[in-house]
Amino acid sequence: MTDTNARETLIDLLHGVERFNTEVFPKNRDLFASLADQQAPGTLFIACADSRVNPSLITQTKPGELFVLRNIGNIVPAYGEMLGGVSSAIEYAVLALKVSHIIVCGHSDCGAMKALLDPDPSKLAKMPTVASWLRNAEAARAVLEVSDAGPASVRSLAEQNVLLQISHLRTHPAVAAGLARNTLTLQGWFYDIPSGEVVILDETSRHFVSVHDAIETLRASTATAQAQSA
């Protein structure tokens, strides 16, 4: 990218801020006023840092509704492995913000998954911290029998990675306590960029189901719970 292009990119961002200040913010002044000194998101959304993944756009949520944690590969190291930004965000979301749900969302064409499938590890030689970080997803690759890094293999690995990171979530004390008290639920998603489709992990079958089917299952379980408590 030339210096001119880089400046134009920054100028475009600043124009976006101007539009936010002059058009978007005034139309949502009451919303931002309500968020001025507090937040009460219901969901911790763990997503990849990929620029094509926009959690608020995908879920059609407003500011204040999602507590978003993003990193390369939507990875959650098992508790104690890499205590830091990810583990502290999870702990804060569950214990301080008292979120009711944690979602781990993988996506198509994920660069992290491509790197895990690449047979040439030397490509990450200049990115040692990335290489170290991706070790937290190695177990997902181990369960797959793939010999290429094509779209189907990348998707399969991304789905397995979601399952793996949910299992890692369960090792975090705050999450384990929330699950034991039935105050917290975990869910895995996969977002297909070119189609816009989101599928939901069914932890019972270990397969992904449509959003419609996931909604119907939740409605049925809610109705059953209400009937049992009546």
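Residues are numbered from 1 along each chain as its sequence is written, and side-chain values use heavy atoms, with hydrogens and water left out. In this predicted model, local features need pLDDT of at least 70 and side-chain atom pairs count only at pLDDT 80 or more, while totals for chains, interfaces and linings use all residues.

**Exercise 1. Describe the largest pocket: its volume, its lining and the elements that supply the lining.**

Step 1. A pocket is defined on a 1 Å grid over the protein atoms alone as an open set of points where a 1.4 Å probe fits, with protein on both sides within 12 Å along at least five of seven lines; its lining residues have an atom within 4 Å of a point. Grid points are joined across faces, edges and corners, and the volume is the space filled by probe spheres set on the points.

Step 2. The largest pocket holds about 700 Å³ of space. Its lining consists of 24 residues, and those closest to the centre are Gln 187, Trp 189, Ile 200, Ala 214 and Leu 218.

Step 3. Helices (H or I, at least four residues) and strands (E, at least two) are DSSP runs, numbered from the N terminus. At least two lining residues come from each of helix H3 (55-59), strand S3 (101-107), strand S4 (185-191), strand S5 (198-202) and helix H10 (211-229). The greatest contribution is that of H10, with 7 residues.

Step 4. For the classes, Ala, Val, Leu, Ile, Met, Phe, Trp, Tyr, Cys and Pro count as nonpolar, Asp, Glu, Lys and Arg as charged, and the others, Gly among them, as polar. The lining of the largest pocket then divides into 13 nonpolar, 8 polar and 3 charged residues.

**Exercise 2. Determine which residues form a cluster with Phe 20 through ring pairs.**

Step 1. Rings of Phe, Tyr and Trp (its six-membered ring) pair if their centres lie within 6.5 Å; planes under 30 degrees apart are stacked, over 60 edge-to-face, and the rest tilted. The count by this rule is 5 aromatic pairs.

Step 2. Phe 20 and Phe 25 have ring centres 6.1 Å apart and planes at 65°, so this pair is edge-to-face.

Step 3. Phe 20 also pairs edge-to-face with Phe 32, at 5.7 Å centre to centre and 85° between the planes. Phe 20 belongs to helix H1 (residues 3-27) and Phe 32 to helix H2 (residues 29-34), so the pair ties together parts 12 residues apart in sequence.

Step 4. The cluster therefore comprises Phe 20, Phe 25 and Phe 32, linked by ring pairs.

**Exercise 3. State whether Asn 74 is buried or exposed, and list its contacts.**

Step 1. Asn 74 is situated in the loop between strand S2 (66-71) and helix H4 (85-96).

Step 2. Buried means under 20% relative accessible area, exposed over 50%, and partly exposed in between (1.4 Å probe, protein chains only). With a relative accessible area of 2%, Asn 74 is buried.

Step 3. Contact means heavy atoms within 4.5 Å. Not counting residues up to four places away in sequence, Asn 74 touches Ile 46, Ala 47, Cys 48, Val 104, Cys 105, Gly 106, Asn 161, Val 162 and Gln 165.
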